[in-house]
Amino acid sequence: MVFFFTSIISGSSYVIYMGLDKYENENLIKYGWPEDVWFHVDKLSSAHVYLRLNKGQTIENIPDSVLMDCAQLVKANSIQGNKTNNLQVVYTPWANLKKTGNMAVGQIGFHKQKNVKTIWVEKRVNETVNRLNKTKEEKIPDLQQEKEDRDREERNESKKAYKEKLQKEKEEMEKMKEEKKLKCYTSLFENAEMTSNYKSNQDNDSDSDDFM
């Protein structure tokens, strides 16, 4: 079971989701998307909350209001964290999550600690948590299939972009050839015209001598 929430506080729509338990978290770790950002209460047990970024976004330009929505949600879904004020929530891109065979179910580490960011949460804001809970949907998604569909679409888009790039380069090459050819023709025409004018001037000089 996966719980989905929608945040529109920033003016744009964002999907936030989390697993039912630590076993579901394993699947979320395994089948996450490059667009996903993972949130967790620092040094305490909590739900694994994910934010799915919109296309073209990075972790650096997530609106502060959306960050706080995620932080409030992950705090509210921590038994100890929900009762604790002034705590930190850590977040990092899904690609930075590290899972090894000797780790316990639901446990993760990080590939690069420098890519882990923190957000300070002073206290639970019921208004925020209630607003998000009103959008809550329970689903049993096929995470593997969704990931494969997403990756296939990305590959198709890359192929399309590559073909368009090749076509553009071909058109530019043809255009350059035509311009070069036109330049050659223009140069030949100008040379021929100069030769013709020179010959005409020579003939005129000859006629002038005869007249005199």
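Tyrosine 91 is buried, with a relative accessible area of 7%. That residue makes a friendly way into this structure, which is a predicted model. The protein has 212 residues, and 31% of them count as buried. Its secondary structure comes to four helices and nine strands.

**Aromatic pairs**

- Tyrosine 91 has a partner in phenylalanine 39: the ring centres are 5.1 Å apart and the planes are at 10 degrees, so the pair is stacked.
- This pair links distant parts of the chain, with phenylalanine 39 in strand β3 (residues 36-41) and tyrosine 91 in strand β5 (residues 87-93), 52 residues apart.
- Phenylalanine 39 is buried too, with a relative accessible area of 0%.
- The count of aromatic pairs comes to four.
- Tyrosine 17 and tyrosine 50 also form a stacked pair, at 5.2 Å centre to centre and with 10 degrees between the planes.
- Here again distant parts of the chain are linked: tyrosine 17 belongs to strand β2 and tyrosine 50 to strand β4 (residues 49-52), 33 residues apart.
- Tyrosine 17 and tyrosine 50 are both buried.
- Through ring pairs, Phe4, Tyr17 and Tyr50 are linked into a cluster.

**Charges over rings**

- Over the ring of tryptophan 33 sits the charged end of arginine 52, 3.7 Å from the ring's centre.

**Salt bridges**

- Side chains of opposite charge can pair when their charged atoms come close.
- How many salt bridges does the structure hold? There are eleven.
- Glutamate 26 forms a salt bridge with lysine 99, with 2.8 Å between the closest N and O atoms.
- The two ends lie in distant parts of the chain: glutamate 26 is in helix α1, while lysine 99 is in the loop between β6 (97-98) and β7 (109-110), 73 residues away.
- Glutamate 26 is partly exposed, at a relative accessible area of 24%, and lysine 99 counts as partly exposed at 31%.
- Lysine 165 and glutamate 169 meet in a salt bridge of 2.9 Å, N to O.
- Both of these residues lie in helix α4, four residues apart, which is about one turn of the helix.
- Lysine 165 is partly exposed, with a relative accessible area of 45%, and glutamate 169 counts as partly exposed at 37%.
- A network of salt bridges links Glu35, Arg150, Asp151 and Glu154.

**Residues far apart in sequence**

- Aspartate 151, part of that network, is located in helix α4 (residues 143-211).
- At 22% relative accessibility, aspartate 151 counts as partly exposed.
- The C-alpha atoms of aspartate 151 and tryptophan 33 are separated by 8.8 Å, although the two residues are 118 residues apart along the chain.
- Proline 93 is found in strand β5 and counts as partly exposed, at 25% relative accessibility.
- From proline 93 to leucine 51 there are 42 residues in sequence and 9.4 Å in space, C-alpha to C-alpha.
- Alanine 47 sits in the loop between β3 and β4 and is buried, with a relative accessible area of 13%.
- Alanine 47 and aspartate 21 are 26 residues apart in sequence, with 7.5 Å between their C-alpha atoms.

**Helix α2**

- Helix α2 (residues 64-76) has 13 residues and reaches 18 Å from its first C-alpha to its last, close to the 18 Å expected at 1.5 Å a residue.
- Is α2 mostly covered or mostly open? The helix is mostly covered, with ten of its 13 residues buried.
- The buried residues of α2 include Val66, Leu67, Cys70, Leu73 and Val74.

**A patch on the surface**

- Met1, Leu20 and Ile140 form a nonpolar patch on the surface, and together they have about 310 Å² of accessible area.
- Within this patch, leucine 20 is placed in the loop between β2 (14-19) and α1 (22-30).

Methods: Residues are numbered from 1 along each chain as its sequence is written. This is a predicted model: local features need pLDDT of at least 70, side-chain atom pairs count only at pLDDT 80 or more; totals for chains, interfaces and linings use all residues. Side-chain values use heavy atoms; hydrogens and water are left out. Patches are made of residues with over 30% relative accessible area and no salt bridge: like charges are joined within 9 Å, nonpolar side chains (Val, Leu, Ile, Met, Phe, Trp, Tyr) within 5 Å. Accessible areas come from the Shrake-Rupley method with a 1.4 Å probe; for residues, only the protein chains shown count as cover. A salt bridge is a side-chain nitrogen of Lys or Arg within 4 Å of a carboxyl oxygen of Asp or Glu. The expected span of a helix is 1.5 Å times one less than its number of residues. Buried means under 20% relative accessible area, exposed over 50%, partly exposed in between (1.4 Å probe, protein chains only). Rings of Phe, Tyr and Trp (its six-membered ring) pair if their centres lie within 6.5 Å; planes under 30 degrees apart count as stacked, over 60 as edge-to-face and the rest as tilted. A charge sits over a ring if NZ of Lys or CZ of Arg is within 6 Å of the ring centre and within 35 degrees of the ring normal.
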